[in-house]
Amino acid sequence: VTGASSGFGTAIARQFARSWPDVRIVLVARRTERLTALAAELKVPTHVVSLDVRDRAEVERTLGNLPSDFAEVDVLVNSAGLALGLQPGFEADVDDWDRMVQTNVAGLMYVTRTILPGMVARKRGHIINLGSVAGSYPYPGGHVYGGTKAFVQQFSLGLRADLIGTRVRVTCIE
């Protein structure tokens, strides 16, 4: 579960731990202290990965070399993401735009590309991407955030097409 230190990511990890007592969970986020507290709370085998999904080399190194008890990822939840600023495009902070694109688009791609080959090789898996209705229905100031979530939807649809016959599923939740 990426973005596991807050919001949907935390809620998803908690629900997985409650629903499947034999589950093993990899918690991924930047805030180590929050991940460690969540891991203690869950009472299921948990591996904490302090990681910024925007760092491609670190994603590949860390998630590509998980401990053996956690290496066979069957469900990937791409929950890491953020929305920054509500200014109109002509006043927006371009650094906020960069951060949203790097997290919501590039980070999701890097994590998916690192985990997906193992799923295909094992002929099982499910990728769950957190999109947003903002990807289809714009709101004032949501130009880049909505664009990143439109990407998540299209990326998910494209992956589905690529994965026909592999027994790996892709879901985009909006």
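Two strands pair if DSSP finds at least two bridges between them. Strands (E, at least two residues) and helices (H or I, at least four) are DSSP runs, numbered from the N terminus. This is a predicted model, in which local features need pLDDT of at least 70 and side-chain atom pairs count only at pLDDT 80 or more, while totals for chains, interfaces and linings use all residues. Residues are numbered from 1 along each chain as its sequence is written, and side-chain values use heavy atoms, with hydrogens and water left out.

**Strand β4 and its partners**
- Strand β3 (residues 75-78) runs parallel to β4, joined by 4 bridges.
- Opposite Val-75 stands His-126 of β4.
- From β3 the chain passes through helix α4 (residues 94-122) to β4, a right-handed β-α-β crossover (clockwise from the first strand over the helix to the second, with the strands pointing away from the viewer).
- On β4, Ile-128 has Thr-171 of β5 as its bridge partner; these two strands are parallel, with 6 bridges.

**Burial of β4**
- In β4 (residues 125-130), 6 of 6 residues are buried (under 20% relative accessible area, 1.4 Å probe, protein chains only).
- One side carries Gly-125, Ile-127 and Asn-129, and the other His-126, Ile-128 and Leu-130.
- In a regular strand, side chains alternate between the two faces of the sheet.

**Nonpolar cores**
- A nonpolar core is a set of buried Ala, Val, Leu, Ile, Met, Phe, Trp, Tyr and Cys residues joined through side-chain atoms within 4.5 Å.
- The largest has 25 residues, and Leu-63 and Val-111 are among those with the most contacts inside it.
- Helix α4 gives the largest share of this core, 5 residues.

Technical notes: Buried means under 20% relative accessible area, exposed over 50%, partly exposed in between (1.4 Å probe, protein chains only).
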